[in-house]
Amino acid sequence: MKHVIIITNPTAGHHSRSRISRFIRHLEQAGLRTTIVRTHYPGHATLLARNAAESGTYSHIVAAGGDGTIAEVSAGMIGTSAILGILPLGSANVLAQELRIPFKEFRNATLIHSGHFTTIWPGYLHTNAGSQLFVQMASIGFDAHIVHGTSTRLKSWVGRAAYAASTLSSLFRYELTEFTALIDDIPYQATTIIVSKGSLYAGKYKLTRHSAHEEKAFSVILFETSGRLALARTILSLFLGRIGKQKGARTLTAATVQVPSHAAIPIQSDGDRKGFSPVHLDIAACPLRVATGRTPS
């Protein structure tokens with residue numbers, strides 16, 4: 001009998017005890033044993049996932065939360081035989097939408113029971129504070145400043161609308177700083193960089209033409225815009241799915257990204273604040289198995 005552990009974050013944007021209860025009921029009706037544990041502080045999900053993976057008891061470790069919780073759980077189990085399950089309870093749930101993971105509890109439980117998974121290659125973000133795994137995207141510059149300025153409490157109340165409010169505020173408050181980025185050791189000038197594993201942005205907006213989740217590479221979007229008007233146009237093109245046609249933005253494929261600047265440029269990954277530059281990003285040395293409806297890989 002398969003044994004599933006569910007790691008839930010009570011502070012996730014759309015945390016719901018009723019949804020978790022229904023999910024557990026469907027798992028158990030499918031013949032799976034379940035254990036549920038709750039996080040109590042940042043980084044706790046990684047410790048819980050590591051202990052669960054090392055025990056060898058669980059076929060699946062389910063992250064019940066948003067992209068930040070998923071990244072923490074992934075960091076504790078990457079490179080092991082355990083399969084990551086995702087019950088989307090966050091504000092944006094970008095990875096779940098990217099991998100077409102069911103939001104309905106019954107369909108999600110059926111997916112877990114099937115044992116199907118897809119192998120993906122997350123990224124690592126290295127700063128002076130240490131190294132942290134990310135599963136969907138990281139950014140340096142204006143996009144990260146939006147995350148830094150978004151109230152966690154407001155996000156739990158209104159979800160993605162909190163990011164819209166922070167975006168408007170950041171347009172007037174953030175001073176664009178041009179910096180040098182080394183993309184696979186080749187220097188480029190930029191004011192903002194988005195380093196993505198997926199093709200989606202902020203939940204449903206198209207960032208790139210294809211996903212790089214199953215590749216040992218990033219999609220890197222360089223923004224060379226300076227000035228608030230140009231920045232506003234770039235943001236609008238992002239939400240209209242036309243960033244590839246926007247003047248002042250270019251998309252590259254790379255395995256490493258470095259921003260050596262000590263100018264304290266803000267950084268975020270998977271919707272959480274990650275300090276300031278300098279920063280180095282690369283692909284994880286081990287893959288991660290994620291429960292999806294695709295054929296086992």
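1. Let's start inside the protein. In this predicted model, the largest nonpolar core is made of 28 residues. If you want to find it in the viewer, look for Ile61, Val73, Met77, Leu84, Ile86, Leu288 and Val290, the residues with the most contacts inside it. Several elements give two or more residues each to this core: strands S1 (3–8), S3 (60–65), S4 (83–88) and S20 (288–290), together with helices H2 (44–55), H3 (67–77) and H4 (94–98). Helix H2 provides the largest share, with five residues. As general background, nonpolar side chains in soluble globular proteins tend to be buried together.

2. Now move along to Phe117, in the loop that links helix H5 (105–114) to strand S5 (118–120). Is Phe117 buried or exposed? Its relative accessible area is 9%, and buried means under 20%, so Phe117 is buried. Phe117 and Leu84 are 33 residues apart along the chain, and 8.5 Å separates their C-alpha atoms.

3. Next, please have a look at the backbone. Most residues other than glycine have a negative phi, and most peptide bonds are trans. With that in mind, check the peptide bond from Ser277 to Pro278: this bond is cis, with omega near 10 degrees. Pro278 sits in the loop between strand S18 (272–276) and strand S19 (279–283).

4. You will find Arg100 in the loop between H4 and H5. How does its surface exposure come out? The relative accessible area of Arg100 is 73%, and the cut-off for exposed is over 50%, so Arg100 is exposed.

5. Finally, turn to Ala264, which is not a glycine but has a positive phi of about 60 degrees. Ala264 belongs to the loop between strand S16 (256–259) and strand S17 (266–269). Its relative accessibility is 43%, so Ala264 counts as partly exposed, a class that lies between the buried limit of 20% and the exposed limit of 50%.

Note on methods:
Residues numbered from 1 in each chain as written. Predicted model: local features only at pLDDT ≥ 70, side-chain atom pairs only at ≥ 80, totals over all residues. Heavy atoms only, no water. Core = buried A, V, L, I, M, F, W, Y, C linked by side-chain atoms within 4.5 Å. Buried < 20%, exposed > 50% of the residue type's maximum accessible area, 1.4 Å probe, protein only. Helix = DSSP H or I, 4+ residues; strand = E, 2+ residues; numbered from the N terminus.
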